[in-house]
Amino acid sequence: MSSATAGTYTVAVRAMCEFTAKQGDLDLRFTPSPTAQEGIQGHAVVAARRDGNYKAEVTLEGDFGPLHVRGRADGYDPDQNLIEEVKTFRGRFDSIPDNHRHLHWAQLRVYGHLMCRQLGMDSVNLALVYFDIGTQQETVLRESRSASELAAHFEEHCSRFLAWAELELAHRAARNAALDALRFPHADFRPGQRQLAEAIFRANASKRSLLAQAPTGIGKTVGTLFPVLKAAPREGLDKIVFLAAKTPGRQLALDAAATLKAGGSIPLRVMELTARDKACEHPDAACHGEACPLAKGFYDRLPAARAAAVAADVPVLDRATLREIGLAHDVCPYYLGSEMARWSDVIVGDYNYWFDGGAMLYALALANGWKTSVLADEAHNLVSRARSMYTATLERSALRAARSVAPPNLVKPLEKIGRAWLDASKAAPLPYQVLDGVSEKMLNALQNAASAITEHLAAFPMPLDPALQEFYFSMLQFQRLAESFGDHSIFDLTRVDERDTVLCIRNVVPAPFLAPRFGFAHSTTLFSATLGPWHYFADLLGMPADTAWIDVDSPFHAHQLQVHVARNISTRYQHRKASLAPIAGLMARQYEAKPGNYLAFFSSFDYLQQAADAFEAAHPDVPTWHQSRRMSEPDRAAFLERFTPDGRGIGFAVLGGSFGEGVDLPGDRLIGAFVATLGLPQVNPVNEQLRERMQAMFGAGYDYTYLYPGMQKVVQAAGRVIRTEQDRGTVWLIDDRFARPDVLELLPQWWDVDVTT
């Protein structure tokens, strides 16, 4: 595993060989590779075929100077004195690039040396076993090597890695010494900030996870990064992973890390991970050397680019810096970023890098045994984001589109999916219907079609038609989730019209998928201004039983914010028409009493438009502006630019939309908000199924499905008003249900809510 402690650098066999033996082009023509589950099953199939004394998963280790190299050989047969390395794949064997095999042989020969030394053998037989997931066939490549040959091979690769390892050891020592001496970058902590920092430090010291509800305005980003950096030397942390839901949150983390580096005096490597579609320089080219100039000879030029990135005199390795270094060395900036994740101390990225099914950082941490502390900002978003990560849909119209452009050899496999689909449709005649599970016929059809397309890609390494490629990826995701289908998800069919239906494996409880991530991390802190009630997040996300919880004291006081409940107005769907005039009158009275900038939140664009029309008709002298559907970035910026200091007017927005959270309008840029809804998700067949499942699993169907998610949006929206300790403002909660005790309990404790209005 790749880590550095007390003058010894421990590295996995695979990690070392990937550093020393990879050569030639970047070539991703053979992805998507078998899933992790398919790989495990493939290895199990191969092991089951072996006889008597065969040993699977043999642990091996050895030293070379300060290097401690360890790993697990896939199998050893003492009767044949044979070590096997098993590689699962899809497609044609003869299409596997030579540089892939070169890497595989390098790994196997290192295992050979470690085995010879461990058992005192003079020679050993080696076999690369390529197992085709689709056909279940093995292709075996063999060789015999003497112990002296393998020792020379081991020493060669260790020597090539040693110079880098010694630099890493020196970096780790300097980093830890600097972090031990690190001081908080400001004169003092803000109110609540120290409380948050101490809780996170304790969580890392006790190797526990933490749910931290912390109000906006206390400096959460610095307040979370600082204690983890202080804990890093003591706890032997290899990586700190900071995750955010949106780009502004990631930028705040990068800025905070740059501040904590104290102008570069602390040797801390901080990098930003960027999505592939944003970092790709040649989006029309396939990822292999014959199509993309930045993939050609990628691994031959990577060492120089990697060294330049490590030596770069910059506060952070952000997207722009990685692009500059990558292009200067003619390597792909996106895959340079993936490489630098291995050698960085703090990594900033989106939730999906740790929590998604194919999460890159989690996979690297698992493979390399990194001791990792994870910080997730705005974590109230994680339930909905995680549900989407483990949900997959197949649309009948997409299948037709894929079939219409498919090469002749792929038409029949796609038609078989259509026939299985027809059976599922006949079994579900209702407009929306939940089914027991995906049928064997459908699973087999999907498997056969996926294998056929993969083999086609191996034989003809050209980009697929977009319609076929989109359906292919949807199909692979659907297959992966079908393998792990259980009570955490529902399988449903929705009728779009007489011709079209949609099949969906819909995750409702991400816990079974996320629990291993929490379990593996040294510590995980989820923090947000709206992270209650804690059991809602603990249950749905699968957090460990010993997870700690803290509700950080607010730096704000009741006198800063007047909160009123308009309990004589109902915003229920059946009362909306009647609510328009009273809402317009309330908003006008508040505006007349204290003119300035306000935000008004509604549950949908339709309701927003009706309310805006009613208000503008009755009060044409008050400036207004509206959020619209599918606003562009410039339009969103223009909306916010209307909130000027000393400005006046009302911006109409949708609750839960882009202006309901993550918007910072301090001072008199925003002096009040009207929230004309509880934000409850729409009552529809899907949400009713979710409610039933939540009731069965947690005994709180309505709260988990409707009340808690809705009130999180309300508190987030209201939280736009008070951003600093100097701010003053007013919030109107417009609906009689806001006066209910169970709803009032979900509002921030520092609010003094007037329910007498």
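Ala511, Leu514, Ala515 and Phe518 in helix 19 meet Asp539, Leu540 and Leu541 in helix 20, where contact means heavy atoms within 4.5 Å. By class, this contact has 6 nonpolar, no polar and 1 charged residues; Ala, Val, Leu, Ile, Met, Phe, Trp, Tyr, Cys and Pro count as nonpolar, Asp, Glu, Lys and Arg as charged, and the others, Gly among them, as polar. This is a predicted model, in which local features need pLDDT of at least 70 and side-chain atom pairs count only at pLDDT 80 or more, while totals for chains, interfaces and linings use all residues. Residues are numbered from 1 along each chain as its sequence is written, and side-chain values use heavy atoms, with hydrogens and water left out.

The axes of helix 19 and helix 20 lie 7 Å apart, at an angle of about 95°. The two helices are therefore roughly perpendicular to each other (65 to 115 degrees). Axes here are lines fitted to C-alpha atoms, for helices over the stretch in contact, and angles run from 0 to 180 degrees between N-to-C directions. Helices (H or I, at least four residues) and strands (E, at least two) are DSSP runs, numbered from the N terminus.

Strand 15 (residues 489-495) and strand 16 (residues 501-507) are joined by 7 bridges, and Thr494 stands opposite Val502 in strand 16.

Finally, the second largest pocket holds about 1200 Å³ of space. On a 1 Å grid over the protein atoms alone, where a 1.4 Å probe fits, a pocket is an open set of points with protein on both sides within 12 Å along at least five of seven lines; lining residues have an atom within 4 Å of a point. Grid points are joined across faces, edges and corners, and a volume is the space filled by probe spheres set on the points. Of the 40 lining residues, Pro248, Leu252, Gly662, Asp664 and Arg723 lie nearest the centre of this pocket. The lining divides into 14 nonpolar, 13 polar and 13 charged residues. Helix 7 gives the largest share, 7 residues.

Key
Parallel < 35°, antiparallel > 145°, perpendicular 65-115°, else oblique. Pairing = 2+ DSSP bridges.
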